[in-house]
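Please find below a colleague's note on the structure shown here.

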Amino acid sequence: MKHLLIHISVIFIFLFAGCQQEDLYSPEVEAKENTADYLVNNNSDFDISVSYITSSKLGFKASNDLIVIPKGSTRKVFEVEFVTEFPYPSTALYSLSFYHSDHAAIDIIAANEPVFDDAWEIIDQALDSEGFGHTTYQLSFADVKKD
């Protein structure tokens with residue numbers, strides 16, 4: 001009987017140790033992310049170019065190149081992912097500058113500084129039950145005429 005109790009105790013110790021080891025190697029819970037795309041829809045009568053500066057949360061980084069958006073078309077100008085925040089346009093972007101494409105970076109025709117969320121329309125959104133997921137925003141450009 002004493003040997004039986006020792007054997008059962010040893011089995012429980014191995015089982016307990018095995019469970020503890022399994023917990024050590026279990027996969028980590030992934031951090032939830034929010035992602036977003038920011039599009040500009042050019043409804044003007046001319047081609048435009050766009051540059052941006054990211055928000056303070058993203059280090060005030062300027063776009064590397066001008067993004068050309070032909071008249072009557074839509075183009076993605078920026079994308080972002082945040083782990084802890086919802087990616088509102090004002091959370092991701094500090095400013096947007098618009099230029100005539102034929103005079104790019106010389107004659108600014110409009111600027112959004114700072115970026116306001118109200119100017120952006122949500123055109124697509126896929127969020128989980130906790131509010132994490134992907135959102136696509138669009139800003140329409142049409143109210144400045146070429147000289």
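Predicted model: local features only at pLDDT ≥ 70, side-chain atom pairs only at ≥ 80, totals over all residues.

1. The mixed sheet. An open sheet of 4 strands runs in the order β4-β1-β8-β7, and its pairing is mixed. Its edges are formed by β4 and β7, each of which pairs on one side only. Between neighbouring strands of this sheet the average turn is 15°, direction ignored.

2. Strand β1 and its partners. Strand β1 covers residues 34–42 and is mostly covered, with 8 of its 9 residues buried. With strand β4 (residues 74–82), β1 pairs in the antiparallel sense over 8 bridges; within this pairing, Ala36 stands opposite Val80 of β4. With strand β8 (residues 133–141), β1 pairs in the parallel sense, also over 8 bridges. Here Asn41 has Ser140 of β8 as its bridge partner.

3. Leaving aside neighbours within four places in sequence, the residues in contact with Thr135 are Thr35, Ala36, Asp37, Phe86, Ile122, Asp124, Gln125 and Leu127. Ala36, listed among these contacts, is the residue that stands opposite Val80 in β4.

4. The antiparallel sheet. A second open sheet of 4 strands has the order β3-β2-β5-β6, with antiparallel pairing. The edge strands are β3 (67–69) and β6 (108–112), and each of them pairs on one side only. The twist from one strand to the next averages 25°. Strand β5 (residues 93–100) pairs with β6 in the antiparallel sense over 4 bridges, and Ser97 stands opposite Ala111 in β6.

5. Ser95 in β5. Ser95 belongs to strand β5. Its relative accessibility is 2%, so Ser95 counts as buried. Which residues does Ser95 touch, leaving aside its neighbours within four places in sequence? The contacts are Ser51, Tyr52, Ile53, Asn112, Glu113 and Val115. Of these, Glu113 lies 18 residues away along the chain, yet the C-alpha atoms of Ser95 and Glu113 are separated by 4.5 Å.

6. The cis peptide bond. Glu113 is also joined to Pro114 by a cis peptide bond, with omega at about 0°. Pro114 is found in the loop between β6 and β7 (121–127). Glu113 therefore deserves a look in the viewer for two reasons: its contact with Ser95, which is buried at 2% relative accessibility, and its cis bond to Pro114.

7. Ile67 in edge strand β3. Ile67 is placed in strand β3. Although β3 is an edge strand, Ile67 counts as buried, at 12% relative accessibility. Not counting residues up to four places away in sequence, Ile67 touches Ile48, Ser49, Val50, Tyr52, Arg75, Lys76 and Val77.

8. Phe60 lies in the loop between β2 (48–54) and β3. Its phi is near 50°, a positive value in a residue other than glycine. Phe60 is partly exposed, with a relative accessible area of 48%.

9. In soluble globular proteins, nonpolar side chains tend to be buried together. In this model the largest nonpolar core has 25 residues, and those with the most contacts inside it are Tyr38, Ile48, Leu93 and Phe98. Which elements give two or more residues to this core? They are β1, β2, β3, β4, β5, β6 and β8. The largest share, 4 residues, comes from β4. Ile48, one of the residues with the most contacts inside the core, is also touched by Ile67.

Definitions and conventions. Residues numbered from 1 in each chain as written. Heavy atoms only, no water. Pairing = 2+ DSSP bridges. Axes fitted to C-alpha atoms, helices over the stretch in contact; angles between N-to-C directions. Buried < 20%, exposed > 50% of the residue type's maximum accessible area, 1.4 Å probe, protein only. Contact = heavy atoms within 4.5 Å. Core = buried A, V, L, I, M, F, W, Y, C linked by side-chain atoms within 4.5 Å.
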